[in-house]
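Student: I have a structure open and want a quick tour. Can we go through it piece by piece?
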Amino acid sequence: MTIIKIEDLVFEYRRDDESPPVKAIGGVNIDIEEGSFTAVIGRNGSGKSTLAKNINALLLPSGGAVYVDGFRTSDEGALWEVRRRAGMVFQNPDNQIVSAIIEDDVAFGPENIGVESDEIRRRVTDALRSVDMYEERKKSPHMLSGGQKQRVAIAGVIAMRPKCIIFDEPTAMLDPGGRREVMDILLRLHRDGITIVLITHFMDEAVKADRIVIMDEGEVVLDGSPAEIFSRPDRIRALHLDVPLAVDLCDRLRRRGYDVPPGIVGIEEMVAYLCR
Amino acid sequence: MIRDITIGQYYPGETWVHRLDPRLKITVTLIFIVALFFVRDFLGYVIAIAALGGVIAISRVPLGFILRGLKAIFIIIVFTFALNMFLTAGTPLIKIGFFTVTREGLYGAVFMALRLVLLIIGSSLLTLTTKPIKLTDGIESLLGPLRVIGVPAHELAMMMTIALRFIPTLLEETDKIMKAQMARGADFESGSILRRAKNLIPILVPLFISAFRIAQDLAMAMEARCYRGGEGRTKLHVLKFESRDAAATLLTALFVLLILFERVYSDEIRAFLAL
């Protein structure tokens, strides 16, 4: 079943009133299946972050339409239905935590949608447990590491019980440890059946997805499974993007005459192949 | 160094005083302040000091910690004391140059200073024993009825919550900006006060810009989490009036009665004590 439907999405903005509109997204069509894990990658300015904000109705389309679970984002009456179904985690771990106490912050979303206080308590406990931050619930955000703050932000979204979560470069400001923590949580949520859309520019994160969408200059240029996408590394490099380490290694081995089977994109698969 | 600052002056604890309903604590503090102005003589202060001492003893906040709060207003106390002492007309006691210390002046000075000290200790006890976040909840709830006449109770509380949350963030930001400018030769430590104040301007400008950027990010994050003002909002912590709050109410009523009784019958009491 399709949960997010993006139809001929066009998004334009103006720098100021006089200047001509700039096209950030020009006619994008993407259907996202319920329970899937889609990674959207692209250079800076490729429109990937604008796309993310369109799914959550933080930005509204200039043309075309976006549907979340059947609700159209541009339909004013459906705004809150869209936002409680499609949660969003942003890049900066500091600027998305509202309260000076962790558990109060996680409760912020459920409070906004009018959940009863007993139920809020249950949801906060569940959400904090699922990101392994329950022990820290009484602490203040400024005492946490970047990865921990990002996990709190994720808990805040989980507590609203969304069907899908859009991650807008959640690891861009984290150290490698924090990045790993966040990715582990993200994969766990995917296993629990939540639809994941991950906007990123780390290829090693993107290869963990079921599907990769590559954007460039506001358009989708490649769309497919990681194995398909990275079967021709030259196309990726032509878009000024890196290829994952494993893909690069396969490519170099092939050029030296080794017969490496296709479809190796992750480190684990590479290790399995080399150590067979 | 900036990481371990405490916000406000909360003294953590789990005592009876700490656990009281914040709405009640705010109200009681206001009542205490008003009651101090009803006190006419030192006997009234004895009652107030006894009450305050009792609360401090229960709250287990060290006295030194409380008195440190007086340091900030020490100058004001001394100033009030001096003004009262020298500028009140009455029976002269001592003459120092132009100034005459009168009996009434000395009495008034001690009286006023005592009132100021009690005021400060009483109100700082509120912030010492109440977490800022609970204080916010209490203020929101107390201002709630005033929404009818247009007081934005929820918005005020939300602003306080966000301010509390972002004090450490902005401090870190200031630290970062200062270091960046020191790396390029800025000097914040030497020169006259005026010069040092001037040197702070290049810090304030980027700090403001970064505060606006944070505000924009936060607004977007709040909207994404379905924030739409106070309407139809529920709360994780529901304030409940419990038996200890009822007990505290009774004690406060007793205190107010004592203060009023002392004011009305002060002459009789003095006559009785003189017996």
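Tutor: Start with a definition: two strands pair if DSSP finds at least two bridges between them. By that rule, β3(A) and strand β9 (residues 211–216) of chain A pair in the parallel sense, over five bridges. Keep in mind that this is a predicted model.

Student: Which residue in β9(A) is the bridge partner of A:A39?
Tutor: A:I212 is the partner of A:A39.

Student: What else does β3(A) bridge to, and in which sense?
Tutor: Strand β8 (residues 195–200) of chain A. Five bridges join β8(A) to β3(A), and the two run parallel. Within β8(A), A:T200 is the bridge partner of A:I41.

Student: Is β3(A) mostly covered or in the open?
Tutor: Mostly covered. Strand β3 of chain A spans residues 37–42, and six of its six residues are buried.

Student: Which of its side chains point which way?
Tutor: A:F37, A:A39 and A:I41 point one way from β3(A). A:T38, A:V40 and A:G42 point the other way. All are buried.

Student: What is the strand order in the whole sheet?
Tutor: In chain A the order is β6-β7-β8-β3-β9-β10. That is an open sheet of six strands, with mixed pairing. The edge strands are β6 (86–89) and β10 (219–224) of chain A, and each pairs on one side only.

Student: By how much are neighbouring strands turned against each other?
Tutor: By 20° on average, with direction ignored.

Student: Which helix lies across β6 and β7 of chain A?
Tutor: Helix α5 (residues 146–158) of chain A. β7 here is 164–168, and α5(A) runs at about 170° to β6(A).

Student: Is A:D8 buried or exposed?
Tutor: Exposed. A:D8 has 12 other C-beta atoms within 10 Å, and the exposed class takes 12 or fewer.

Student: And A:D69, where does that sit?
Tutor: In the loop between β4 (63–68) and β5 (71–72) of chain A. A:D69 has a positive phi of about 50° and is not a glycine either.

Student: Buried or exposed, for A:D69?
Tutor: Buried. A:D69 has 20 other C-beta atoms within 10 Å, and buried starts at 20 or more.

Student: Over to chain B. Which domains does it have?
Tutor: The domain assignment gives domain 1 (1–130 + 241–275) and domain 2 (154–239). The C-alpha centres of these two domains of chain B lie 35 Å apart.

Student: How do α2(B) and α11(B) sit against each other?
Tutor: Helix α2 (residues 22–36) and helix α11 (residues 243–264) of chain B have axes that come within 11 Å and cross at roughly 5°. Angles under 35 degrees count as roughly parallel, so α2(B) is roughly parallel to α11(B).

Student: Which residues make that contact?
Tutor: From α2(B): B:L24, B:V28, B:I31 and B:A35. From α11(B): B:D245, B:A248, B:T249, B:T252, B:V256 and B:I259. The residues of the contact divide into seven nonpolar, two polar and one charged.

Student: What does β1(B) pair with?
Tutor: Strand β2 (residues 99–102) of chain B, in the antiparallel sense, over four bridges. In β2(B), B:T100 is the bridge partner of B:K95. β1(B) and β2(B) form a hairpin with two residues between them. B:G97 in the turn has a positive phi of about 55°.

Student: Last one. How many residues from each chain are in the contact between A and B?
Tutor: 25 residues from chain B and 33 residues from chain A. In chain B, α8 (153–183) and α10 (201–224) each supply at least two residues of the side that touches chain A. α10(B) gives the most to that side, with eight residues.

Student: And what is the side of chain B that touches chain A made of?
Tutor: Its residues divide into 14 nonpolar, four polar and seven charged.

Conventions: Residues numbered from 1 in each chain as written. Chains lettered and ligands numbered in written order. Predicted model: local features only at pLDDT ≥ 70, side-chain atom pairs only at ≥ 80, totals over all residues. Contact = placed C-beta atoms within 7 Å. Nonpolar A, V, L, I, M, F, W, Y, C, P; charged D, E, K, R; others polar. Axes fitted to C-alpha atoms, helices over the stretch in contact; angles between N-to-C directions. Parallel < 35°, antiparallel > 145°, perpendicular 65-115°, else oblique. Domains from an automatic or database assignment.
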